[in-house]
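Please keep the sequence and the model in view while reading.

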Amino acid sequence: MDAERFCAVLRTRGFTAATGVPCSYLAGPIEVYSRAGRYVPAANEGAALGIAAGGALAGTRVAVFAQNSGLGNMVNPLASLLMTYDLPVLAFVSLRGWPDPAGDEPQHAVMGGATAGLLDALGAAWWLLRRGADGLDTILDETEHELARGRPAFVLVEKGAVGSALPIAPVPVPVPAPAPAPAGEASRAPSRLEVLRALLPELRGLPVVATTGYTSRELFALGDAANHFYMQGSMGHAAAVALGLAWTAPAGRPVVVLDGDGAALMHLGTMSTIGATAPPNLVHVVFDNGTYASTGAQATTSPTTDLAAVALACGYRAVRGCARPEDAHSELRGMLARPGPHLLVVRVAATDGGTAPPRATSAVSAPDLHRRFHAWLAETSATPVAP
């Protein structure tokens, strides 16, 4: 079913607005609602349920779109808000890692097989929208009975069940300049790959945590290394992983996390934890392109969020912003030489839609990525300092 028809069916049933966290399986409906100005990009899946619950309180039907990898984020508001207060919310959840876990990326295998059972355990009703089956109207007829009882309803969406949106002329995504540009600086934002290439010399010999999506892929493409921990899945948690490393690493050994604006926004509270813990050896780099690049370049809310100011308010020792690869390199070098925690926000261009580099797990299994990173740390570190 094409995305326009899918959304038209939802609108006839009163779902005139939507919220969620992007998934490539549901990129079409998200794009249709976004073009109409009726989509709110939530920071995480639990927040999306909360937004839709607020709509339900006001008598407005708000559909939720999310990926099953984030279903865990939904559990608390599902159980303690929707099901406790009898708030009817309709959620469409993509089925990554199902029906064939081996046909998807390794981070989806566990949740792919557990999604239906998890909803069953919570007592939440669900339906399956299959690829090639024209069953949406029938499914929605049945969800209406659940919603009428003040209960949430979940539609699990198989890959290919919903098509992409019809193309329109591209609209540039606005991204803010993190800092005033020096006189004579070019206005064109560099690609993330250009910036990564400039940063790479400073990252050699340091533990590096790279967020999920194109950041990990591009770092891998530039040159795989045992000191790189490429995250697949666990969106928004790269900074937390890096904090744990910095907290327990030998004194003075810098740890660098390569993050994205969408991922940082998803669990913004981690920045407060970093500020409170104040690890002097942590450098937090955020590539800000205003989009969720790997799921279809849906907009984030970073254009209206000053991440540098947030970091300062959370207790980071210093923050900097730049928009040129050479400046990013010099700023990172300076941060590595001074006590932190530091935040470096680098403005980069939105993805050009070209072919994405392969994931690290195309060459090294996820368990082996962990084992070799652990071995590298052991080989290059003194005895870890207990927290």
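The sections below treat the domains, a sheet, a pair of helices and a single residue.

## Model and domains

The structure is a predicted model. The protein is divided into two parts, with domain 1 covering residues 3–157 and domain 2 covering residues 192–382. Taken over C-alpha atoms, the centres of domain 1 and domain 2 are separated by 30 Å. To the contact between them, domain 1 gives 15 residues and domain 2 gives twelve residues.

## A six-stranded sheet

Six strands form an open sheet in the order S8-S7-S9-S10-S14-S13, and their pairing is parallel. The edges are held by strand S8 (228–230) and strand S13 (318–322); each has a single partner strand, so one side of each is left without a neighbour in the sheet. On average, and with direction ignored, neighbouring strands of this sheet are turned by 15° against each other. In general, strands of a sheet pair through backbone hydrogen bonds, either parallel or antiparallel.

Within the sheet, strand S10 (residues 282–288) and strand S14 (residues 342–347) run parallel and are joined by six bridges. Phe287, for example, has Val346 in S14 as its bridge partner. Helix H9 (residues 238–248) packs on the sheet, where H9 touches strand S7 (208–210), strand S9 (255–260) and S10. The direction of H9 makes about 175° with that of S9.

## Helices H3 and H4

How do the axes of helix H3 (residues 45–57) and helix H4 (residues 71–85) cross? They come within 6 Å and cross at roughly 30°. Angles under 35 degrees count as roughly parallel, and H3 and H4 are therefore roughly parallel to each other.

On the H3 side, the contact is made by Glu45, Gly46, Leu49, Gly50 and Ala53. On the H4 side, Asn73, Met74, Pro77, Leu78, Leu81 and Leu82 take part. The residues of this contact between H3 and H4 divide into seven nonpolar, three polar and one charged.

Ser94 lies in strand S4, which spans residues 90–94. Is Ser94 buried or exposed? Its relative accessible area is 0%, and since buried means under 20% relative accessible area, Ser94 is buried.

Which residues does Ser94 touch, not counting residues up to four places away in sequence? The contacts of Ser94 are Cys23, Tyr25, Leu26, Ala66, Gln67, Asn68 and Val157.

How values were computed. Residues are numbered from 1 along each chain as its sequence is written. This is a predicted model: local features need pLDDT of at least 70, side-chain atom pairs count only at pLDDT 80 or more; totals for chains, interfaces and linings use all residues. Side-chain values use heavy atoms; hydrogens and water are left out. Two strands pair if DSSP finds at least two bridges between them. Helices (H or I, at least four residues) and strands (E, at least two) are DSSP runs, numbered from the N terminus. Axes are lines fitted to C-alpha atoms, for helices over the stretch in contact, and angles run from 0 to 180 degrees between N-to-C directions. Contact means heavy atoms within 4.5 Å. Buried means under 20% relative accessible area, exposed over 50%, partly exposed in between (1.4 Å probe, protein chains only). Angles under 35 degrees count as roughly parallel, over 145 as roughly antiparallel, 65 to 115 as roughly perpendicular and the rest as oblique. Ala, Val, Leu, Ile, Met, Phe, Trp, Tyr, Cys and Pro count as nonpolar, Asp, Glu, Lys and Arg as charged, and the others, Gly among them, as polar. Domain bounds come from an automatic or database domain assignment.
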